[in-house]
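Let's take a walk through this one together, step by step. Have the sequence and the model open side by side as you read.

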Amino acid sequence: MQTMWFDACIFDLDGVIVDTAKYHFLAWKRLADMLDIPFSEKENEKLKGVSRLASLEIILELSGKKYTDSEKAKFAEMKNTWYVEFVSRMTPSEILPGAIELLTDLKSHGIKTAIGSASKNTLLILEKIRIKDLFDTVTDGNMVKSAKPDPEIFLVTASILNVKPEKCIVFEDSVAGIKAAHKAGMYGIGVGNKEILIEADYVINDLSEMSFLKLTALKTINQ
Ligand code: BG6
Ligand code: MG
């Protein structure tokens, strides 16, 4: 097989493979309403890619009040219970456009594929949308100490795949995720809005705009 500039593709889950951002928002909104904290879709943008506890801190800051660690733990637990209720009802119909096609295309060309997600609910979601078999490995929020923009999640994934970081491509919908990819020494493809994902090496609207062939040509385009 011909040598490629990349050997593996690592996919963020929320917002790249499935649109779970809307469920995260609804669950956070319920908590914010309960605590009388003003919270809209605009503030929600800052939570993308950010861990559960860090997201809670961002929301609680909007209240201007102080909360104890045990109150915070209780709030995070409540939000997660509501979020899991939404996620438990998910079906394969919620897989975002182009995801299955791209994963199948990459695998047919011998490229390794992985999930690198901050979410501790990753396995539950993958089970609901029945897509786990298309990934060589799944790294999630239960396996790392530091959240994105720290590169830990992507470095752990590369090491499990036994692929050098510089031969990995990351697909991410969050600013924190693109920063994490770059800190890991990886190529970062933004999935979503060009104006938000300004630091990405390349941006697509969704995975249906990408294929193995297009990826092979990307580095040449950028150089
Ligand atoms: C990320 C999401 O993938 O996972 C964040 O973009 C979320 O919004 C984070 O807070 C943690 O998810 P969970 O499921 O562990 O609460
Ligand atoms: Mg995401």
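Which residue in β3 is the bridge partner of Ala114? It's Thr137.

Before going further, a word on the ground rules. This is a predicted model, so local features need pLDDT of at least 70 and side-chain atom pairs count only at pLDDT 80 or more, while totals for chains, interfaces and linings use all residues. Residues are numbered from 1 along each chain as its sequence is written, chains are lettered from A and ligands numbered from 1 in the order in which they are written, and side-chain values use heavy atoms, with hydrogens and water left out.

Back to the sheet. Strand β2 (residues 112-116) and β3 pair in the parallel sense over three bridges; two strands count as paired if DSSP finds at least two bridges between them. Strands here are DSSP runs of E with at least two residues, helices are runs of H or I with at least four, and both are numbered from the N terminus. Zoom out and you'll find six strands in an open sheet, ordered β3-β2-β1-β4-β5-β6, with parallel pairing. At the edges stand β3 (137-139) and β6 (202-204), each with a single partner strand, so one side of each has no neighbour in the sheet. From one strand to the next, the twist averages 25°.

Helix α8 (residues 175-183) lies across β4 (168-172) and β5 (187-191), and runs at about 170° to β5. Axes are lines fitted to C-alpha atoms, for helices over the stretch in contact, and angles run from 0 to 180 degrees between N-to-C directions. Contact means heavy atoms within 4.5 Å.

Now for the metal. Asp12 (OD), Asp14 (O) and Asp173 (OD) coordinate the magnesium ion (ligand 2) at 2.0 to 2.1 Å. Donors are N, O and S atoms within 2.8 Å of the metal (3.2 Å for Na, K and Ca), and water is not among the atoms, so sites may look incomplete. In sequence, the donor residues are spaced D-x1-D-x158-D. Asp12 counts as buried because its relative accessibility is 5%, and Asp14 counts as buried at 15%. Buried means under 20% relative accessible area, exposed over 50%, and partly exposed in between (1.4 Å probe, protein chains only).

Next, helix α1 (residues 21-34). Its buried residues include Tyr23, Phe25 and Trp28, and the buried residues of α1 pack against α2 (41-44), α3 (52-61) and α4 (69-88). Just after α1, Asp36 takes a positive phi of about 60°.
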